[in-house]
Amino acid sequence: MTFGFAPFAAASMSESSTSAEMSADSTNRLARMLEPAEWSAAGIPLLRNPREVVSGLHARHRPTPGTAVVAVLDSEERLRASASFPRRPSTADGWVFRNALLAQLRRVIPHDLRRRTPVRTAVLLYCRDGDARWTPEDGAWMWGLRDACTLHGLRCGAYITLTRDGWQVLGEGRGGRRPSSGSRPEAFADTDPPPPRTGGAASDVLRRAAAR
């Protein structure tokens, strides 16, 4: 006597399992995405001069389609740190985008997790093809930015798209025709961010030693 499984039954079970996994993955990706209305209701602080911020980041990083620029601003909207990186060719997923943003933030600026209230704000400029209308990819970047800011102790700031039509602060309705994804960078007053401050007993010891 022999025992076994009918080939068609095994194949059917395998196909059913694969279909369920794909459905669950699609559901998870949809959960890691923010609609424009959700973004607007989240209380994202408004930029006082968005065109100045966009022009400065555009001139500094010269992004091309498929490039993200994450920047950290202080309470006066002065640039403290920024980094640009290419979007990896993968499905738009807020979890993947969150990890990419968090890696860049950890590389360029210390976290503020010890503060009760965030004092610095992170903004994201994403240069992409297409027009300025919201896309699911934008929703995934929004989710990723919000989550990365929470994990790094920052306030979540504006999400800005840069397309052939110009720039657009999504959720605010503010934008302009220049710069755009195809325009040349405009000249701006480039000032290097100040070095991070140090403090505490170790710094006091070093200062006393240097003064001798």
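Student: Which residue forms a salt bridge with Glu137?
Tutor: Arg87 does, with the closest N and O atoms 2.5 Å apart. A salt bridge here is a side-chain nitrogen of Lys or Arg within 4 Å of a carboxyl oxygen of Asp or Glu. One caution before we go on: this is a predicted model, so local features need pLDDT of at least 70 and side-chain atom pairs count only at pLDDT 80 or more, while totals for chains, interfaces and linings use all residues. Residues are numbered from 1 along each chain as its sequence is written, and side-chain values use heavy atoms, with hydrogens and water left out.

Student: Where do Glu137 and Arg87 sit in the chain?
Tutor: Glu137 is in helix α5, residues 136-152. Arg87 is in the loop between β2 (79-86) and α4 (94-108). They are 50 residues apart, so the pair links distant parts of the chain. Helices (H or I, at least four residues) and strands (E, at least two) are DSSP runs, numbered from the N terminus.

Student: Are Glu137 and Arg87 buried or exposed?
Tutor: Both are buried. Buried means under 20% relative accessible area, exposed over 50%, and partly exposed in between, using a 1.4 Å probe and protein chains only.

Student: How many salt bridges does the structure hold?
Tutor: Ten. Another joins the side chains of Asp138 and Arg128, at 2.9 Å from N to O. Asp138 lies in α5 and Arg128 in the loop between β3 (121-127) and α5, so this pair ties together parts that are ten residues apart in sequence.

Student: What are the relative accessible areas for Asp138 and Arg128?
Tutor: Asp138 is at 0% and Arg128 is at 5%. Both values count as buried.

Student: What about Asp112, which residue does it form a salt bridge with?
Tutor: Arg115, with the closest N and O atoms 3.9 Å apart. Asp112 is buried at 9%. Arg115 is partly exposed at 49%. There is also a network of salt bridges, linking Asp74, Arg78 and Arg80.

Student: Switching to α5. How many residues does it have, and what span does it reach?
Tutor: It has 17 residues and reaches 24 Å from first C-alpha to last. That is close to the expected 24 Å. The expected span is 1.5 Å times one less than the number of residues.

Student: How many of the α5 residues are buried?
Tutor: Twelve of the 17, so by the under-20% cut-off α5 is mostly covered. Among them are Trp141, Met142, Trp143 and Leu145. Just after the helix, Gly153 takes a positive phi of about 75°.

Student: And β3, how many of its residues are buried?
Tutor: Seven of seven. Thr121, Val123, Leu125 and Cys127 point one way. Ala122, Leu124 and Tyr126 point the other way.

Student: Which strand does β3 run antiparallel to?
Tutor: β1, residues 67-73, joined to β3 by seven bridges. Strands pair if DSSP finds at least two bridges between them. Leu73 of that pairing stands opposite Thr121 in β3. β3 also pairs with β4 (residues 155-163), in the parallel sense, over six bridges. In β4, Ile160 is the bridge partner of Leu125, and Arg155 is the partner of Thr121.

Student: What do β3, α5 and β4 make together?
Tutor: A right-handed β-α-β unit. Right-handed means that, with the strands pointing away from the viewer, the path from the first strand over the helix to the second runs clockwise.

Student: What joins β4 to β5?
Tutor: A hairpin, through two residues. β5 covers residues 166-169, and four bridges hold the antiparallel pair. Thr161 stands opposite Gln168 in β5. As for burial, eight of the nine β4 residues are buried.

Student: Last one. Which residues is Thr67 in contact with, leaving aside neighbours within four places in sequence?
Tutor: Ser84, Phe85, Pro86, Leu125, Tyr126 and Cys127. Contact means heavy atoms within 4.5 Å. Thr67 is in β1 and is buried at 14%.
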